[in-house]
Amino acid sequence: MTSTDIPENLNSPDPTVSTAATAVAASDASGGAASPEALDGPPDPAAPEPAPDGAPVMLALHQTALGGPEVLRLTELPRPVPGPGEILVAVHAAGLNPTDFKHRALSIFLPPPPLTLGWDVSGTVVETGFGVTLFRPGDEVFGMLPYPYGAGSHAEYVTGPARAFVAKPAGIDHVQAAALPLAALTAWQALVDTADLRAGQRVLIHAAAGGVGHLAVQIAKERGAHVTGTASAPKHDFLRRLGADACIDHRTEDFTATEERYDVVPERRSLRSVM
Ligand SMILES: NC(=O)c1ccc[n+]([C@@H]2O[C@H](COP(=O)([O-])OP(=O)(O)OC[C@H]3O[C@@H](n4cnc5c(N)ncnc54)[C@H](OP(=O)(O)O)[C@@H]3O)[C@@H](O)[C@H]2O)c1
């Protein structure tokens, strides 16, 4: 998500409807499956083998090389089969986070292509693997595939551990649900798992209008904290609508130059208390 992409649905009083990542529906506007011609390019010598006759197939946003968006090809692949403890999900929407475009271009955590990226997903359970009792076919679920090796939601179907999913609340649609997991879990991990943020504590959230930050603001308010967020001035109204108690314009103000003290300051790679 870029700094100019402010989700429009954040006026909702329900924090769970905030859209963090950019989520895209798996079908085209007419409701049909996307066509393989949509991203057709020259023949790819590294293209995967076709599925054996009769085996179920699916379309996936696949790549056989690292690079820019041009390496992505809508490709027919064998439909995955859920293993023990896994579910097969028909993807209705998948999230796009910075880590997707970084892994499209660079070998960071994943082995070299061929790859199908995508960790955030929302859809319908089609099949359950051995031992799965949490869900049954027809259930609407959303979740985050195990990071980093479980990627693959940028496809019509994906398998993942049943425990990586939860039931999709009826009050949010698949696009909203698919936008939440990675960014929201990042914010939750910092504020709740690591900092154990408590009611009445004062928290400073940097980049508070960003994909992770705007969710962190809502989580912190829900925990009863006093929230100060840094963002450029045009985004302060947005932050206040999310519940921020105070805003600092990082372009014109030095947050270290005030008398204000904080209990918790989540940072990009760590979390420290400055009090
Ligand atoms: N998105 C994820 O799922 C995810 C997961 C794990 C880690 N991360 C990491 O978390 C960080 C934020 O990611 P994001 O997805 O939230 O990014 P983002 O949506 O692109 O937001 C970045 C924000 O940074 C703000 N900003 C820029 N310069 C700033 C400064 N000097 N002081 C304070 N704010 C500043 C911008 O706000 P203004 O326009 O107001 O300046 C913008 O809203 C990144 O380091 C990312 O790698 C993200």
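Why does E156 count as buried? E156 has 21 C-beta neighbours inside 10 Å, and therefore counts as buried; the cut-offs are 20 or more other C-beta atoms within 10 Å for buried, 12 or fewer for exposed, and partly exposed in between, with C-beta atoms placed from the backbone.

## Model and overall content

This is a predicted model, in which local features need pLDDT of at least 70 and side-chain atom pairs count only at pLDDT 80 or more, while totals for chains, interfaces and linings use all residues. Residues are numbered from 1 along each chain as its sequence is written.

The chain has five helices and 14 strands, taken as DSSP runs numbered from the N terminus (helices: H or I, at least four residues; strands: E, at least two). Of its 275 residues, 39% are buried. Contacts require C-beta atoms, placed from the backbone, within 7 Å. Among contacts between residues at least 6 apart in sequence, 68% join residues at least 24 apart.

## Strand pairing

Two strands pair if DSSP finds at least two bridges between them. An open sheet of three strands has the order 3-2-5, with antiparallel pairing. Its edge strands, strand 3 (73–78) and strand 5 (115–116), each pair on one side only. Strand 2 (residues 57–63) is joined to strand 3 by six bridges in the antiparallel sense, and H62 has R73 of strand 3 as its bridge partner.

Strand 6 (residues 120–128) pairs with strand 4 (residues 86–96) over seven bridges, antiparallel. Strand 6 also pairs with strand 7 (residues 140–144), again in the antiparallel sense, over five bridges. S122 of strand 6 stands opposite A93 and also opposite F142 in strand 7.

The loop between strand 7 and strand 8 (157–161) holds E156. The C-alpha atoms of E156 and V91 are 5.2 Å apart, although 65 residues separate the two in sequence.

A nonpolar core is a set of buried Ala, Val, Leu, Ile, Met, Phe, Trp, Tyr and Cys residues joined through C-beta atoms within 7 Å. The largest such core has 61 residues, and V89, A187, A216, V217, A220 and L239 touch the most other members. This core lies between domain 1 (21–179) and domain 2 (182–272), because both give residues to it; the domain bounds come from an automatic or database domain assignment.

Helix 4 (residues 213–222) is largely enclosed by the rest of the structure, because eight of its 10 residues are buried. These are G213, H214, L215, A216, V217, Q218, I219 and A220. Their cover includes helix 3, strand 10 (202–205), strand 11 (226–230), helix 5 (236–242) and strand 13 (265–266). Apart from neighbours within four places in sequence, A216 is in contact with A187, A190, L191, I205, A208 and P266. G224, which follows helix 4, has a positive phi near 90°.

## Ligand surroundings

The ligand is surrounded by 21 residues, of which A207, G210, G211, S232 and H250 are the closest; a residue is near if its C-beta atom, placed from the backbone, lies within 6 Å. Helix 3 (residues 181–194) supplies the largest share of this shell, three residues.

By class, the shell has eight nonpolar, 11 polar and two charged residues. Ala, Val, Leu, Ile, Met, Phe, Trp, Tyr, Cys and Pro count here as nonpolar, Asp, Glu, Lys and Arg as charged, and the others, Gly among them, as polar.

Methods. Two residues are in contact if their C-beta atoms, placed from the backbone, lie within 7 Å.
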